[in-house]
Amino acid sequence: MADNKAKNDSDAEMETSMPLPQVTESQKELASQAMSEFDKKQYGSCCSLMHKLIAQRPTDPKVAHNKAVAEFFQSGFLTTDEFRQQLSKVCQMAHVNIDNSESLEDVDHSVIYFNQAVILYHLRQYKAALNILDKLFQYIEPLGSSIVGTYRLSFRYTVESSVRDRKYVDSNNEFQEEALAKKATMLLVELYLCTYQPEKAMGMVHYAEKTVFTAGKNAGEKENKEDQVDEAWKPKISLYKTRCLLMMKSMKSCKREIKSLMSTQAMNTAVIYLKSNFEHLRGNHKKAMKMLGSVSTSDFTEAGECMPVMYNNNLGCIHFHLSKHHLGAFHFRKAFQENENAIKDIKRGAEHNKNLSGKTLNSIGMSRHFELLYNMGIQLLHCGKAMPAFDCLVEAVQVFRSNPRLWLRLAECCIMANRQNNDEDRKLEKRLEVIQGSDGSGIHRKLRLGPGLKKDNPSPGTPAIPAATHEFAALCLKNALHLLPEDPLTAEKVPIEDSDTVKITPEMVLVPAPPGNPLKAAEVASLRCSILAASAYVALCLNDYTLALLHAENLLKQPKLTGAQRYLGHLYMAEAQVAMDKIADAIQLLNPELVVDISLTLPENKTEQDKSERDPEASESKGYFYPWSPKDLTRAKAIAQYDLATAHAIRGEYDKAGQNLGESSSRIGTPLPAQMYFLKLYLDLIEGRRNMAQVVIKDHFGHVTPNRVEMKMNSKPGVPRPDTAVS
């Protein structure tokens, strides 16, 4: 059996390696008729003619390729897997390695590679498709200036590309190559946008506008006349320009392009969505929402995109920026439902086509399940629903694992699941933990003070298993830091010997952050500060004070810090130093006079913030997405002063501790955090002020105290650590 198989393989290889016979007139006539039927969209008749032609030329890869394409069109683009198999057989016949774009050496094979790139595009394998198109463009680029060539067997079908016009390539070789150049150029622009490279996409659009899409241009004509652009391609070029400018956030140029687009085109769905996106980026969210309301309710576009999913997702994003998080979550949930319904409709269609795959080429990558999971997770996190957000983001990170911001959001879910917000210690149930219980009765009754609010309960299992714990949060933050470029402040300085070494500029720093745009240098710097602040807090919760001190020091060294981040850095560093018995250093950091700024914006952005606060209409997109405490400078100083009182108490300086605690409690506002009651009772008891301790208990915990009680500590003398860290 093995010998027979090897023999058959060798015979097939000899057949494919034999020179092709000359094309006869009857074969040319069959090819011409098949092409005519294809132009009329009579794919059944076309396939019948192709079967006759392939019977006469069984080893011709071009005929086999055209037959495969015709059958794919006849199936309504439902047999994608079969078409890919046929394409592989064509590659074997043509001695082409379709998986290696470097093997492309003959321009005759360009159509095969182009069709493979189209298939990969619809499978959402954008990088693989882009590698093929980059290589292919080296062959089709000269076609933009002049197109010459000898007659070949000009019977080629091309699979529909991102342009989605599904036009058959003309029989004349010049038009064939020109049409391929146009479609490949548009697909290349689309792939650059799908991989978040708007600068390259815009460069390709400008090049194509001057060369490939110039109507009636011969080799000797000038290329700088804008009015020579083919009118049929102008709308597509204008749409791509607008998309590039939106992704680059070039608002002024985008405004001019959108005006031109709206003056030359009807207000179709694509134009409305681009205009809405433009208004959204400018901060005019209500105007963007109004424009979305004028979109037609058709279920699917020609590109296979589900309109209800897009509509509800965009509304969810707009409500997120309006800080209407619950309403945004409602629209994301509706987008989920519409996405699931669209997938079910496709499956039901597959039941009627049992011999087919059931999914058209355009609908293969239609599902936006993981993108919606990402959006829903971020929205739920801002709603304060940590566990549902954690479940969404854990599933999304399996696909978008290269996004450092997503790992940070996962860690924030873990932090919020263990501590809802910074005002949690003011709640009644927390304050009731100050008095843990009582022993005895009558004059022998004694009260037991609680051990404090810090609970050292390490989670069971390994941190590698996803769970909303501080251990898993530490792992997420470590991943986030590793995905960022090396911190220039901690990088080892290596002497540069080569004078030709390229210096890396901030514009060259781009960090992938799917499903969003790549992070630029300023965004990377801001994200690094957020990750370091969260890492220091998590390390404190895990009692890893050395690591917490390291992260806090790195945070304070960053060149661009918001006031809130600098404030947190000082608190975290001081807390770690107290735990490491470096109390003198901690006392210097906790000086309340050093707290001068707790804003959440960088100093250079404060002018816009102040302007938005004065003008309510201009503040539509401004403000903070999630309320943060302390809300004002007075409370921030009070928290620092409480930590200072704690440090003095541990050091044995009870007078200073009592003085700072009194000033802090008068500034921090009511109700007081539970930690202040712990510290007040501790100071009164340690200094023998029993009557004052009784007054505090009667005033705030009278429901558990008779007239005379004795108190005893439930733990060794000391002060519970103040949980003033902000997640």
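View 1. Glu279 and Lys275 both belong to helix H12 (residues 269-282), where they stand 4 residues apart, about one turn of the helix; helices, here and below, are DSSP runs of H or I with at least four residues, strands are runs of E with at least two, and both are numbered from the N terminus. The structure shown is a predicted model, in which local features need pLDDT of at least 70 and side-chain atom pairs count only at pLDDT 80 or more, whereas totals for chains, interfaces and linings use all residues. Residues are numbered from 1 along each chain as its sequence is written, and side-chain values use heavy atoms, with hydrogens and water left out. The side chains of Glu279 and Lys275 meet in a salt bridge at 3.1 Å, N to O, the term meaning a side-chain nitrogen of Lys or Arg within 4 Å of a carboxyl oxygen of Asp or Glu. Both Glu279 and Lys275 are buried, that is, under 20% relative accessible area, with exposed meaning over 50% and partly exposed in between (1.4 Å probe, protein chains only). A network of salt bridges links Lys275, Glu279, Arg282 and Lys287.

View 2. The structure holds 16 salt bridges, including one between Asp425 and Arg419, whose closest N and O atoms are 3.2 Å apart. Asp425 is buried, with a relative accessible area of 5%, and Arg419 also counts as buried, at 7%. In another salt bridge, the side chains of Glu687 and Arg689 meet at 2.4 Å, N to O; here Glu687 is partly exposed, with a relative accessible area of 30%, and Arg689 is partly exposed at 28%.

View 3. Helix H3 (residues 43-56) contains Ser48, and its 14 residues reach 20 Å from the first C-alpha to the last, close to the 20 Å expected at 1.5 Å a residue, where the expected span is 1.5 Å times one less than the number of residues. The buried residues of H3 are Tyr43, Cys46, Cys47, Leu49, Met50, Leu53 and Ile54. Seen down the axis of H3, these buried residues fall within an arc of 165°, so they line one face of the helix; the arc is that of the directions from the helix axis to the C-beta atoms. On the other side of H3, Lys52 and Ala55 are exposed, while Ser48 is partly exposed, with a relative accessible area of 42%.

View 4. Strand S1 (residues 435-439) pairs with S2 in the antiparallel sense over 4 bridges, pairing being assigned if DSSP finds at least two bridges between two strands. The bridge partner of Gly437 in S2 is Arg448. S1 and S2 form a hairpin with 6 residues between them, and Gly440 in the turn has a positive phi of about 80°. Strand S2 (residues 446-449) has a covered face, made of Leu447 and Leu449, and an uncovered one, made of Lys446 and Arg448.

**View 5. The largest nonpolar core.** This core has 111 residues, and those with the most contacts inside it are Leu410, Val434 and Tyr567; a nonpolar core is a set of buried Ala, Val, Leu, Ile, Met, Phe, Trp, Tyr and Cys residues joined through side-chain atoms within 4.5 Å. Helix H21 (residues 521-541) gives the most to this core, with 13 residues.
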